[in-house]
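Colleague: I am new to this structure. Could you show me how to read its features?

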Protein chains: 2
Amino acid sequence: MKRSLSLLFVLALLCIAHHTCLANDGYNLWLQYRPVQNSPYLSSYREQAQHITLPGRSATSNIIQEELQRALGKMLDTTPEFSNAPNPATTLIIGTRKQLPELSATVDDETWNNLGTEGFIIRRIQHNGKNTLWIAGNTDQALLYGTFDFLKLLQTHQDISSLDITSIPKTKIRVLNHWDNPDRTVERGYAGSSIWDWHRLPDYIKPQYIDYARANASIGINGTVLTNVNANAQVLTPYFLKKVAALADTFRPYGIKVYLTARFSAPIEIGGLDTADPVNPDVQQWWDEKVNEIYQYIPDFGGFLVKADSEGQPGPQNYNRTQAEGANMLAKALQAHQGIVMWRAFVYSNETPDDRAKQAYNEFKPLDGKFEDNVLVQVKNGAIDFQPREPFHPLFGAMPKTPLMMEFQITQEYLGQGTHLVFLGSLFEEVLDTDTYAEGPGSTVAKVVDGSLDDHALTGMAGVSNIGTDRNWTGHQFGQANWYAFGKLAWNPAESAADIAQEWSRMTFGNDEELATKVKRIMLQSHEAVVNYMTPLGLHHIMGWSHHYGPGPWVTDKHRDDWTSTYYHQAGPDGIGFDRTASGSNALSQYAPEIQQQYSDLSTCPEKYLLWFHHLPWDYTMKSGNTLWNEIALHYQKGVDQTQDMLDDWKSIQNHVDDQRYDQVLAFLQIQHNEAKWWRDACLLYFQQFSKKDLPEGVPQPEYSLDHYQNYTPVFVPGI
Amino acid sequence: MKRSLSLLFVLALLCIAHHTCLANDGYNLWLQYRPVQNSPYLSSYREQAQHITLPGRSATSNIIQEELQRALGKMLDTTPEFSNAPNPATTLIIGTRKQLPELSATVDDETWNNLGTEGFIIRRIQHNGKNTLWIAGNTDQALLYGTFDFLKLLQTHQDISSLDITSIPKTKIRVLNHWDNPDRTVERGYAGSSIWDWHRLPDYIKPQYIDYARANASIGINGTVLTNVNANAQVLTPYFLKKVAALADTFRPYGIKVYLTARFSAPIEIGGLDTADPVNPDVQQWWDEKVNEIYQYIPDFGGFLVKADSEGQPGPQNYNRTQAEGANMLAKALQAHQGIVMWRAFVYSNETPDDRAKQAYNEFKPLDGKFEDNVLVQVKNGAIDFQPREPFHPLFGAMPKTPLMMEFQITQEYLGQGTHLVFLGSLFEEVLDTDTYAEGPGSTVAKVVDGSLDDHALTGMAGVSNIGTDRNWTGHQFGQANWYAFGKLAWNPAESAADIAQEWSRMTFGNDEELATKVKRIMLQSHEAVVNYMTPLGLHHIMGWSHHYGPGPWVTDKHRDDWTSTYYHQAGPDGIGFDRTASGSNALSQYAPEIQQQYSDLSTCPEKYLLWFHHLPWDYTMKSGNTLWNEIALHYQKGVDQTQDMLDDWKSIQNHVDDQRYDQVLAFLQIQHNEAKWWRDACLLYFQQFSKKDLPEGVPQPEYSLDHYQNYTPVFVPGI
């Protein structure tokens with residue numbers, strides 16, 4: 001075994017030198033564990049990894065040991081020895097407070113208490129007269145997180161000689177939301193089909209389930225909602241619960257709880273009742289019994305995620321009940337089992353005669369304080385729907401008595417879907433760092449979400465998964481970075497997107513400095529690029545009908561106004577933009593006064609949100625001195641130029657990236673560049689009908705006529 | 001490079017010793033190219049592979065060179081040298097007749113002519129006074145086939161010291177039929193979604209496309225129908241043709257032509273016509289132009305596969321035209337381009353008041369001689385639908401003036417779908433070897449299909465693909481063997497299933513003798529096992545409704561009789577079985593007199609077809625002396641026992657198989673064993689209602705009541 005690991009090491013080194021010799025399809029994500037080379041720290045890593053004391057005897061401890069064996073073997077070409085108790089040979093100790101009482105007494109109680117069940121410390125201690133490293137926490141789960149953090153330091157070639165790390169998650173519920181249907185289609189999925197092979201469960205546990213759990217644990221994700229928010233009640237039947245239990249058993253030692261979506265009308269569909277009215281005792285009893293049944297299968301079931309009264313989903317409105325009455329019925333059924341309800345605030349209707357951006361606030365704000373303690377209201381980052389850029393959702397800061405859970409979309413429904421490289425860490429960071437002014441300056445969205453602003457203990461962040469059966473999990477190699485960034489920001493919303501990008505890039509592609517610099521540059525400009533070539537200056541929701549793929553500013557006259565483009569851009573001879581000031585829908589009134597003032601005043605409104613809040617004439621003068629029309633056109637062009645820059649940067653590092661991943665990203669960047677031009681030309685030709693103005697210098701004439709773009713109708717677009 | 005290959009070799013050896021060190025997910029199929037070890041031939045292989053002369057300069061030649069480099073590096077730890085022309089160092093020559101005129105003159109003209117465009121020879125020659133090996137043919141394509149055959153010899157550790165191989169395909173068109181829809185679902189697909197990532201085509205060529213082409217070329221498959229026979233006309237629009245062209249470009253150097261399914265009503269759906277009547281000049285012109293357009297995109301487009309007038313598909317019957325009129329319209333449009341039409345004989349209707357088994361014959365037999373020269377009539381192996389066992393289709397031998405193409409189903413719609421290990425080589429062989437007596441004894445189905453019986457030049461065999469996005473391509477590791485066996489039998493219908501099983505097993509899992517023996521035993525009993533536990537003694541089509549998964553003998557009273565189980569098993573108090581003799585539907589009359597006589601006479605009818613042709617009382621005495629009821633029960637039990645044997649055999653070779661493939665097959669064999677019991681218990685309880693007899697000794701009482709089985713309704717079964 002020793003010899004084979006040694007060869008593996010040499011082989012891996014050679015593979016880097018001759019990067020064509022073994023195909024890397026990206027399956028190992030950021031856990032590549034490339035051999036450490038050209039690092040001054042290699043000898044210190046090897047020294048530290050010689051003898052590991054791991055007293056735990058749980059399934060989680062076994063996972064820690066296996067991960068260390070795998071990682072250290074690959075990175076350092078070492079086979080660490082393990083012991084149950086510290087001894088003179090020990091160089092690394094991985095143990096909980098209880099497992100190591102003597103050692104643990106050297107740390108004060110407050111530190112231990114603050115760590116909770118998931119936080120960990122990594123610090124240097126003197127043990128047996130030796131400078132030893134200690135990964136500590138209150139639970140084996142915390143040790144697993146600490147272990148992955150330690151391995152990350154090695155993967156990114158960090159100095160570990162004087163570590164003193166304390167890491168405690170800022171949010172409690174850190175979950176992926178899989179919009180996966182029981183037939184294995186994935187709504188808004190662009191990476192193949194659902195990884196849940198329901199038909200072969202519970203008897204066959206795919207290796208991918210374990211690697212999924214490993215990957216999530218490595219970034220602190222502690223829950224997964226297996227099923228689509230557009231829910232099918234069948235998943236609550238025993239036929240499926242047996243299958244769900246098999247997944248829960250697989251994920252448990254990785255600290256990952258399983259959640260399901262609850263279809264509000266399930267009592268009718270699978271319960272044989274003739275109502276799902278949340279105040280009906282039969283309905284309540286049905287849910288109580290259903291929940292008890294679920295816990296028979298899955299003793300640590302996490303709870304329900306619910307999309308109600310939205311886009312055709314049933315909900316309490318069907319019975320003239322409030323969202324709180326709906327949520328609380330489920331919450332009560334779950335309370336005995338410490339389960340929670342994540343109740344989505346994404347409630348709106350085209351029959352409500354008000355700006356769609358205002359409806360969730362109108363519905364939920366009055367319910368603040370009316371939810372059971374085990375309910376989180378799950379709020380999308382913006383009030384419309386995961387646009388390339390949105391102002392933060394006005395509910396953040398507006399419901400101080402209610403824990404609000406952030407919902408980010410990791411899958412790129414509106415951001416280029418399966419082929420565009422867009423690092424969403426930048427988008428997530430921008431939202432989290434925004435000040436709501438809810439309790440004065442500094443009341444950032446992050447503080448609402450992490451509970452610190454209003455002192456909530458139950459907190460959470462959800463990310464709509466971009467995972468599928470594609471061998472690299474996310475379809476686009478760089479989609480992995482968005483999964484990674486979500487996990488990191490759910491753990492610590494204060495972490496910087498730039499740091500996350502750099503860390504991910506080094507773990508995923510290696511520590512070559514030119515590569516690290518170029519990949520980071522690609523990633524950090526990518527969000528602004530997609531905003532520029534799709535929806536600059538506050539434009540939004542002008543994508544293709546239904547599938548949301550490609551430009552569709554002409555989409556109009558559909559059965560729902562609030563799904564059309566013309567509803568959102570309001571372009572006409574007089575100008576463009578959605579007036580959400582007092583002269584318009586006054587959605588701005590839902591924000592704190594400081595925001596209202598800043599955004600309503602054209603001189604202080606950030607230009608990135610300009611057309612979100614204002615309808616302005618085509619010749620309106622921007623801060624640059626350009627007319628609005630020219631500025632729009634130049635932004636589209638800038639987006640195209642940025643995709644060219646990304647492409648050039650990627651090409652420049654070809655010899656640092658293995659062929660298969662290089663080729664795929666290259667092909668996708670070329671598609672992205674072509675589609676950026678498609679967006680630019682289609683949108684500018686469409687808007688030009690109203691502006692009646694020439695394109696400014698630097699923006700080329702579109703290749704085709706507007707007709708061409710309007711008549712081009714992609715079919716069988718994935719994800720719907 | 002040399003050093004890295006050397007390490008790869010040592011590593012691979014170690015991987016076999018420590019079979020856990022690298023996961024093998026089965027992606028490399030039968031092209032594992034495991035290091036040759038423990039073989040007396042290793043040194044002769046190395047000697048032969050030292051210096052390869054490969055004069056060809058085509059894309060196909062490059063593929064030959066790459067495959068040799070990959071394979072010989074992995075198997076022999078050698079880096080062969082290549083030259084364009086024979087020289088004193090040459091040990092292996094791979095060249096065509098034209099490339100090597102001097103050498104080729106040593107072979108007689110007749111041999112060259114017989115080889116055609118695809119046949120090859122591998123023989124020893126004296127060259128420069130050395131004993132050299134020569135792989136020869138008339139085209140680079142033939143050389144690619146020869147190269148794969150040569151590599152197979154090395155993979156299976158054959159003596160190559162005195163080779164004299166001549167291999168010429170017996171059928172001309174050897175195609176996979178993908179029942180893949182443009183939304184990437186796969187009808188009757190149990191291995192994930194469609195490998196065609198239409199949305200990212202033509203700009204992104206997945207590595208899988210190339211490995212798909214390699215795999216097919218390695219077994220002689222020379223065509224692929226990309227789209228489902230339940231067709232969508234959209235695939236004939238330029239939007240898709242661009243994508244199809246990209247696949248055709250990828251497959252071309254591997255000798256694989258691309259075909260599409262033609263929806264008969266396409267002139268209406270995408271052509272704007274108000275009819276698809278095949279005698280209408282506008283319709284004919286539309287198809288002419290459509291075909292011309294297709295050839296603009298794909299200059300070597302293969303042609304169309306058509307399912308017409310069947311299961312909801314439109315066809316010539318809609319206009320009171322014959323199948324020949326429909327097929328000929330398309331055939332004429334294709335003739336200028338050397339394209340062909342594969343016109344399926346799977347035509348039947350529940351509105352026709354006759355045994356479904358008779359309808360295709362009734363429809364097609366009168367049309368013999370009425371098809372254009374470039375039409376093949378594609379006939380399923382049996383007259384019903386890909387049952388675990390069927391008598392051969394009566395059309396074979398009944399249409400001497402028409403080339404009949406065999407259609408086998410590689411995907412296991414009726415044979416356990418995604419988890420049952422069933423080697424279909426046995427089924428294919430049984431069908432091909434059956435004597436139709438069409439032109440006297442010896443008129444086997446194989447001779448009908450390969451054209452030798454009636455002197456057809458245009459011949460073919462189609463296999464309904466079992467390929468999907470699952471990493472091992474076919475979902476079940478052993479599904480690969482069915483793809484392999486199809487290719488081998490399409491090339492040479494006379495090859496034995498046992499030999500194919502052995503060859504596949506050695507290429508896939510290695511040459512350990514115990515492993516080879518056990519895997520072969522598992523494979524060769526698997527078909528009989530599935531017949532026993534599903535449909536023994538001629539029973540058929542008693543699967544679950546619509547999805548065909550699991551037992552469903554109780555399926556009755558649906559909107560179509562001919563899709564119900566009771567229609568087929570005819571079980572009642574008086575007995576069981578479908579009377580297809582003269583006293584019944586007389587489907588037997590469609591066969592040659594010899595068959596009629598043999599099958600109608602109970603004393604000579606093979607018991608494996610007994611209930612296919614006869615309705616018999618429960619206490620009918622079988623050749624064994626058992627009553628029919630007892631014999632049915634004992635067959636079900638035998639099937640269960642066989643799955644236990646397969647499981648035991650597999651477990652016994654654990655230390656010879658890498659973990660990931662071992663574990664998956666083990667889990668699936670356990671599922672198969674459990675489902676075999678499910679089949680036995682459900683079917684016996686159901687039939688027992690009519691037989692009113694106890695189960696014979698050796699057959700355990702079912703665990704549950706019949707109600708339990710009837711109420712168990714799997715949902716979201718894949719593949720529909």
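Modeller: We start with accessibility. Buried means under 20% relative accessible area, exposed means over 50%, and partly exposed lies in between. Take Arg252(A): its relative accessible area is 30%, so Arg252(A) is partly exposed. Keep in mind that this is a predicted model.

Colleague: What does Arg252(A) form a salt bridge with?

Modeller: The general idea is this. Side chains of opposite charge can pair when their charged atoms come close. Here Arg252(A) pairs with Asp300(A), and the closest N and O atoms are 2.8 Å apart. Arg252(A) sits in the loop between helix H8 (238–251) and strand E9 (257–261) of chain A, and Asp300(A) in the loop between helix H10 (281–297) and strand E10 (303–306), so the pair ties together parts that are 48 residues apart in sequence. Asp300(A) has a relative accessible area of 24%, so this residue is partly exposed too.

Colleague: How many salt bridges are there over all chains?

Modeller: The count comes to 70. One of them joins Lys358(A) to Asp354(A), with the closest N and O atoms 3.5 Å apart. Lys358(A) is buried at 12% relative accessible area. Asp354(A), at 26%, counts as partly exposed. In chain B, Asp681(B) forms a salt bridge with Arg680(B), and the closest N and O atoms are 2.8 Å apart. Both Asp681(B) and Arg680(B) are buried.

Colleague: Which residues are linked in a network of salt bridges?

Modeller: Asp25(A), Arg471(A), Asp25(B) and Arg471(B) are linked in this way. The network holds residues of chain A and chain B.

Colleague: Now a helix. Is helix H13 of chain A mostly covered or mostly open?

Modeller: First, the general idea. An α-helix has 3.6 residues a turn, so residues three or four places apart point the same way. Now the case. H13 of chain A spans residues 425–433 and is mostly covered, with seven of its nine residues buried. Among the buried ones are Leu427(A), Phe428(A), Glu430(A) and Val431(A). The buried residues pack against several elements of chain A, including strand E13 (404–409), strand E14 (460–464), helix H15 and helix H17 (513–534).

Colleague: Let us follow H15. Is Phe486(A) buried or exposed?

Modeller: Phe486(A) lies in helix H15, residues 479–491 of chain A. Phe486(A) is buried, with a relative accessible area of 0%.

Colleague: What is Phe486(A) in contact with, leaving aside its neighbours within four places in sequence?

Modeller: The partners include Val175(A), Leu176(A), Ile221(A), Phe408(A) and Met461(A). Phe428(A) is another of them, and Phe428(A) is also one of the buried residues of H13(A). For a distance, take Ser465(A): it is 21 residues from Phe486(A) in sequence, and their C-alpha atoms are 9.7 Å apart.

Colleague: Zoom out. Which domains does the assignment give for chain A?

Modeller: The assignment gives domain 1 (29–167), domain 2 (173–508) and domain 3 (532–578 + 615–711). The centres of domain 1 and domain 3 are 49 Å apart, taken over C-alpha atoms.

Colleague: What does UniProt list for residues 29–150 of chain A?

Modeller: An unreviewed UniProt entry lists "domain: Alpha glucuronidase N-terminal" there. That stretch is 39% helix and 22% strand, and its end C-alpha atoms are 17 Å apart. UniProt, again in an unreviewed entry, places "domain: Glycosyl hydrolase family 67 catalytic" at residues 154–473 of chain A. Residues 154–473 are 27% helix and 13% strand, with end C-alpha atoms 24 Å apart.

How values were computed: Residues numbered from 1 in each chain as written. Chains lettered and ligands numbered in written order. Predicted model: local features only at pLDDT ≥ 70, side-chain atom pairs only at ≥ 80, totals over all residues. Heavy atoms only, no water. UniProt positions renumbered as here; feature names shortened; annotations may be inferred. Helix = DSSP H or I, 4+ residues; strand = E, 2+ residues; numbered from the N terminus. Domains from an automatic or database assignment. Buried < 20%, exposed > 50% of the residue type's maximum accessible area, 1.4 Å probe, protein only. Contact = heavy atoms within 4.5 Å. Salt bridge = Lys/Arg side-chain N within 4 Å of Asp/Glu carboxyl O.
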